[in-house]
Amino acid sequence: MVFALLETVVLSYEVPFVGMEVDESTVTLFGVVAVTVLIALSGFFSSSEIAMFALPKHRVDGMVEEEVPGADRVKALKEDPHRLLVTILVGNNIVNIAMSSIATAVISIHLGGLLGVIFATLGITAIVLLFGESAPKSYAVENTETWAVRIARPLKMTEYLLYPLVVLFDYLTRVVNELTGANAAIETPYVTRDEIQEMIESGEREGVLEEEEHEMLTRIFRFNNTIVKEVMTPRLDITAVPKDVGIDEAIETSIQSGHARLPVYEGSLDNVQGVVHIRDLVRDLNYGESTDLTLEDVIRPTLHVPESKNVDEMLTEMRENRMHMAIVIDEFGTTEGLVTMEDLVEEIVGEILEGGEEEPLEYLDEHTVVVRGEVNIEEVNEALDIELPEGEEFETIAGFIFNRAGRLVEEGEEMHYEEDGVDIIVEEVENTRIMKARLEKTPTPSEEDEQGDDAEDGDEDEEGDDAAAEA
């Protein structure tokens, strides 16, 4: 019954020729020429869709700034992406339907009936997929910018030519989107933060980015989510001088501590008055005009910031005020620590070590690290590929150990974190403070297999070397 129905439909193509003398070769030639032109137009619309919507808005803006010929037309089209998409789809569908109709009519003249429909359907489908879709879209992907510029003018002319249909279907599509609750946005103007981070990860895996570059870019994205408390020098490590000490004593303290800047307090460290720089101390002591110079005369003002302040905002504020040090206070106004410009820069470029300063995190092997107590938990997690939890009351590995123990710990004490299979050994304690800890991660079965394979490869290499030596 289906075949009979198809045959009835096909007979409709023969009606125009009833009672007329038609040269079949002329009709065939006309049909071939028409189908060829329509295939070219189909490829044009298919490639236009890829080129226009694969070109990001920020790149279009860059092309306009670079004064690329035709970039203004591309930008004008992409300012209304919904209208652009409707124009392309209307044009492409008209072309494809016309092509199918003409091909079916021409082939039916020679083969007639159902056989003509089958050949026309299979033939046009293959031709459209190859020359109207696959090849043009592949070309557009490889030459997005140049092709978008070249097709901008013809697309604008198509919009004018099909204006009534474009306006109608543009309106109807928006109505349908509202009724179905679909998002009418065709494209977002820029890539998202998550997409950029995924590109960074992919770039490192593919070898496009070096490991150091990957780490720096990752730190940049993490920078905005870091607070001052995570990067500050804690109160116990602060070297400061009272306001009433002499200039000579302040210079000596600065030299012995290795710090060029020192906080100056009055009474206690909870009342920091400002900061002195050794350069000012030496200059005013040796070359100043005043003979009764005091420390108060060379104090520079400093910032007092809460421990919850974002480091991104902190960096901006320090740059605007031209200050290199800020005092960190808690909710009660008590001094918790201090943060310097170097601390903020290290969050991006990594640890900046001076003189005999030790590495904060030292690898003993692939699964073992020795870390200083003040190292952030996030760094330890990245180093061992584990997931130690961070709490509101602690950010460092020392804080994690105290939190798990629930008491003061002693040197040599061990604990096990079951969730990640990590053994933690406290290696150095100073008074009540954890200075160093060693973390050993238990290898997973897959990692053990890899190590076994590496060991076997090494044994084979040694046996080969021995055999070569005997020979």
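**Exercise 1.** Find how the side chains of R83 and E159 meet, and state which helices hold them.

*Solution.* The side chains of R83 and E159 form a salt bridge, 3.6 Å from N to O; the term means a side-chain nitrogen of Lys or Arg within 4 Å of a carboxyl oxygen of Asp or Glu. R83 belongs to helix α5 and E159 to helix α7, so the pair ties together parts that are 76 residues apart in sequence. Helices (H or I, at least four residues) and strands (E, at least two) are DSSP runs, numbered from the N terminus. Both R83 and E159 are buried. Buried means under 20% relative accessible area, exposed over 50%, and partly exposed in between (1.4 Å probe, protein chains only).

The model is predicted: local features need pLDDT of at least 70, side-chain atom pairs count only at pLDDT 80 or more, and totals for chains, interfaces and linings use all residues. Residues are numbered from 1 along each chain as its sequence is written, and side-chain values use heavy atoms, with hydrogens and water left out.

**Exercise 2.** Describe the salt bridge between R174 and D80, and name the network that includes both residues.

*Solution.* The N to O distance between the side chains of R174 and D80 is 3.7 Å. R174 sits in helix α8 (residues 163-180) and D80 in the loop between α4 and α5 (81-111), so this pair ties together parts 94 residues apart in sequence. R174 is partly exposed at 34% relative accessibility, and D80 is partly exposed at 31%. A network of salt bridges links D80, R83, K156, E159, D170 and R174.

**Exercise 3.** Work out which parts of the chain the salt bridge of E382 and R222 ties together, and whether each residue is buried or partly exposed.

*Solution.* The side chains of E382 and R222 meet at 2.4 Å, N to O. E382 is in helix α16 (residues 377-384) and R222 in helix α10 (residues 211-223), so the bridge ties together parts 160 residues apart in sequence. E382, at 49% relative accessibility, is partly exposed. R222, at 16%, is buried. In the whole structure, a search finds 24 salt bridges.

**Exercise 4.** Identify the buried residues of helix α3 and what covers them.

*Solution.* In α3 (residues 57-65), the residues V60, D61, G62 and M63 are buried. Their cover includes α4 (71-78) and α7 (144-161). After α3 comes E67, with a positive phi near 60°.

**Exercise 5.** Count the helices and strands, and give the share of residues that is buried.

*Solution.* The chain has 18 helices and 12 strands. Of its 471 residues, 36% count as buried.

Methods:
Contact means heavy atoms within 4.5 Å.
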